[in-house]
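User: Could you walk me through this structure, starting with whatever open space there is in it?
Analyst: Gladly, and here it is.

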Amino acid sequence: MITFIDIETIPDQTPGAVDEFTANIKAPAQYKKPESIAKWIEDNKHSAGNEAWLKTSFDGGRGQIACICLAFENSSVVELKGSENEILHNLNSVIKNHAEFTMVEPSPYFVGHFISGFDLPFLHKRFVINGIKPSFKLKPHGRHGQHFFDTMVEWCGYKGSIKMDALAKLLGVQGKTQGMDGSQVWPEYQKGNIDKIVDYCADDVECVRAIYNKLNFIAA
């Protein structure tokens, strides 16, 4: 069953995670003298540590899911938010219930932008780490066109890349949410603006659906 999906993620929420990265910061290779290395670390450890920690939002082993939005072919977008544990359980329920309602196997043919390199591997790792078994067949390292449909791979090939908004503009379909991008997810999360993040995520699902239809010559 065709399932359009997008996830939004935040950095490692484990207590002390930022301090861990700060404590392990190393000076750039051009610093050779012990005194210059020590000075660089003293001057930069907090900013560099925080920067390294922020990057865990791209690492399914350490980052965390903030929300998931999905849609089945022509259905409306389903928005999942709450704790990560709740999100994963609700994802299982939504997919299982849809499969039972439509009398198909709970084997989503996920469609998304760069899902082969990010969304599906990240999702798989979070299921494992949370100890929650997917209610559906999840192929985090499958093949485009066989196990899932990655709009970036379809357009650029396995080694190419293009941002979803750029692809949307090329294809003449509505792009991503104006005034919001992935770099703003964590700041908005800190402010408690989860609904703004969910709206952004839902818009991405609609965008990827429009791109998929265009790539497959499906009338809107």
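**The pocket and the core**

Analyst: The lining of the largest pocket has 18 nonpolar residues, eight polar ones and nine charged ones; here Ala, Val, Leu, Ile, Met, Phe, Trp, Tyr, Cys and Pro count as nonpolar, Asp, Glu, Lys and Arg as charged, and the others, Gly among them, as polar. This is a predicted model, in which local features need pLDDT of at least 70 and side-chain atom pairs count only at pLDDT 80 or more, while totals for chains, interfaces and linings use all residues. Residues are numbered from 1 along each chain as its sequence is written, and side-chain values use heavy atoms, with hydrogens and water left out.

User: What counts as a pocket?
Analyst: On a 1 Å grid over the protein atoms alone, a pocket is an open set of points where a 1.4 Å probe fits, with protein on both sides within 12 Å along at least five of seven lines, and lining residues have an atom within 4 Å of a point.

User: Which residues are closest to the centre of the largest pocket?
Analyst: Of the 35 lining residues, those are Phe 58, Asp 181, Gly 182, Ser 183 and Tyr 200.

User: New topic: which residues does Val 77 contact, leaving aside neighbours within four places in sequence?
Analyst: Contact means heavy atoms within 4.5 Å, and with those neighbours left aside Val 77 touches Cys 69, Leu 70, Ala 71, Ala 202, Val 205, Glu 206 and Arg 209.

User: Which element gives the most to the lining of the largest pocket?
Analyst: E1 does, with six residues; strands such as this are DSSP runs of E with at least two residues, helices are runs of H or I with at least four, and both are numbered from the N terminus. Others that each supply at least two residues include helix H4 (115–130) and H8.
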